[in-house]
Amino acid sequence: MFRRFIAGWLLVLLLIPALGHATDVTASLDRDSVQLGETVTLNLRINGSAGNVDVPDLHALANDFDILGTSQNSSLSVVNGAATSSMTFGIALRPKHVGDLQIPALSVAGSQTAPLQLQVSAPDPATAATTHKDVFMEAQVEPAHGYVGQQLSYIVRLYYANRINGDAPAPPQVDNVEISQLGNGLNYDAERGGRTYHVLEQRYALIPQRAGHIDIPAVDFQGAAIDPNDPNSFFGASIPVSASAPAQAIEVQAAPADWGKIAWLPARQLNLSLDGLPTAQDSPRVGQPLNLTMNLQATGLSYEALPALSLPPLDGATVYPDKPASGNHNDGQWIIGWRQQAFAVVPERAGTLTIPATTLKWWNVLTDRMEVAQIPARSITILPAIGGAATPASPLATAASTAANVPASTARVTTVAPATPWRWIALASIGLWLLSVLAWWLWRRRRAASVSIAPMPTPMPTHTSARECQQAFIAAACGSDTSLQVHNLLAWARAERPAIQHLGELAAALGDESQRAAIATLQQRHYAGAPVVKGKESLVEVFKRGFMWRAIDGTDDDAVLPPLYPFKLH
């Protein structure tokens, strides 16, 4: 019974993260309007998905659309240490008739998407008249007018009937206009004048920095087309082709004259929120921090244009801001900028803590009017700290009133309870520190005792004369102790040449090649564990006749090697 109880609680704990992260599903179209015969892509994005999501039921689309195919891709991003994942289903649709068609709500991963509208128009006769060309281009700005700082969408489309080679058209360069690419482009088929074309569409975010009339120059394409009817096309034969998207013009308005000195925020949508506020049933206490997070997100604005987020000074609490986070992403058509700021609000006294309302004025470019995003004011009940007084009254006043109301006979034996348990916490910390010091001292004493009774290493034998040192080395050379061999060989050498410090200097001072080779072999055995050499090349055979010193001209015998630093040190 007990095991079942534990297993049940473990299952509940495992399900808590899944319950705390509800699936967020959004639906979007890559274009809001198409001509009959063109294709459109419906994107179903599941945020927070780690995979294993079934393809949604698409039967509700069959009345108005031909479903040409589906695809899916997953993505994982990390921002400021927080990982987010998503999965996107792409459904290629071709409208069956002209009109305002509706993409109904679809059930995806247990959630319902919002319905979408698609405007389908008849093919443009003026455009169809130009479709005798194998390659042509179109350009468009949405909307055709706007405000300074507002994002507009510049769209360029390349139509080609046969296979072509060449670089994608480069974006236009316009003074006082910021232009950045949105997404990786779209590939679809469209019908013009009864002929089917492949279409490469690329969108750019266009943000004007000044008011007035702005001209966007034409965009050109240079490439090569392969004629499928040419028998030589198999061998790479092609003909050069070119196309040009017509120039565009936009009218840009300045911010309203009465806007003031606050940040100018022309956006399609703007949201401001504050998360982490406690509920009425979960009142915090004095000293217990409230972890609040303020979020600002705007569609059609980069995060650089958004103001920094802050909380005003609070009466009865201290606000500690965390490191802010910000960034941009896009939905294929519009930039979505965001800022996030976390705060730790620490109440300092019991009672009511009021967080004032936060407002942000912005301009709605869809309705062409000013709007205000607001976080309403919030009052939070703060309870006393555990062990603290029930009211925020002064401690001196409380003690005085208590003394006045207690009889004199009992006043001498009445003690005031400590306001907080900090005294006991401090005493416990000191006790733990003393125990740690005592344990360390006992460990050191035991280690010193073990070291004192350890046997001392046997000292290397010392010899005074060169003859004695030579005999000691010959005896060591007959054995296998390389440490003793190195020690006795150096002792023998120093008895004859006191300046020698190590085997390298000894080898350099010797004139016999076999003795230098024997020293190198000894070093390999001593430091690298090389095998023992027997026969005439052994240490005994090589050194039994004594050292074969190198002749030194005009110098003292002690000068074996040149100085380590040939230059003078001052």
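Analyst: In strand 15, Tyr160 has His198 as its bridge partner. Please bear in mind that the model is predicted.

User: How do you know that strand 12 and strand 15 pair?

Analyst: Two strands pair if there are at least two bridges between them. Strand 12 (residues 152-160) and strand 15 (residues 195-208) are joined by 9 bridges, and they therefore count as paired. The two strands run antiparallel.

User: To which sheet do these strands belong, and in what order are its strands arranged?

Analyst: They belong to an open sheet of 4 strands, with the order 10-12-15-14 and antiparallel pairing.

User: What makes strand 10 and strand 14 the edge strands?

Analyst: Strand 10 (135-142) and strand 14 (177-192) each pair on one side only. On average, neighbouring strands of this sheet are turned by 15° against each other, direction ignored.

User: How many aromatic pairs does the structure hold?

Analyst: There are 15 aromatic pairs.

User: Why is the pair of Phe136 and Tyr197 called edge-to-face?

Analyst: Rings pair if their centres lie within 6.5 Å, and planes over 60 degrees apart count as edge-to-face. The ring centres of Phe136 and Tyr197 are 5.3 Å apart and the planes stand at 80°, so this pair is edge-to-face. Because Phe136 lies in strand 10 and Tyr197 in strand 15, the pair ties together parts that are 61 residues apart in sequence.

User: Are Phe136 and Tyr197 buried or exposed, and how do you know?

Analyst: Buried means under 20% relative accessible area. Phe136 has 7%, so Phe136 is buried; Tyr197 has 0%, so Tyr197 is buried as well.

User: What kind of aromatic pair do Phe543 and Phe547 form?

Analyst: Their pair is edge-to-face, with 5.8 Å centre to centre and 75° between the planes. The relative accessible area is 0% for Phe543, which is therefore buried, and 9% for Phe547, which is therefore buried. Phe543 and Phe547 also belong to one aromatic cluster, together with Phe473, Trp492 and Trp549.

Note on methods: Residues are numbered from 1 along each chain as its sequence is written. This is a predicted model: local features need pLDDT of at least 70, side-chain atom pairs count only at pLDDT 80 or more; totals for chains, interfaces and linings use all residues. Side-chain values use heavy atoms; hydrogens and water are left out. Axes are lines fitted to C-alpha atoms, for helices over the stretch in contact, and angles run from 0 to 180 degrees between N-to-C directions. Rings of Phe, Tyr and Trp (its six-membered ring) pair if their centres lie within 6.5 Å; planes under 30 degrees apart count as stacked, over 60 as edge-to-face and the rest as tilted. Buried means under 20% relative accessible area, exposed over 50%, partly exposed in between (1.4 Å probe, protein chains only).
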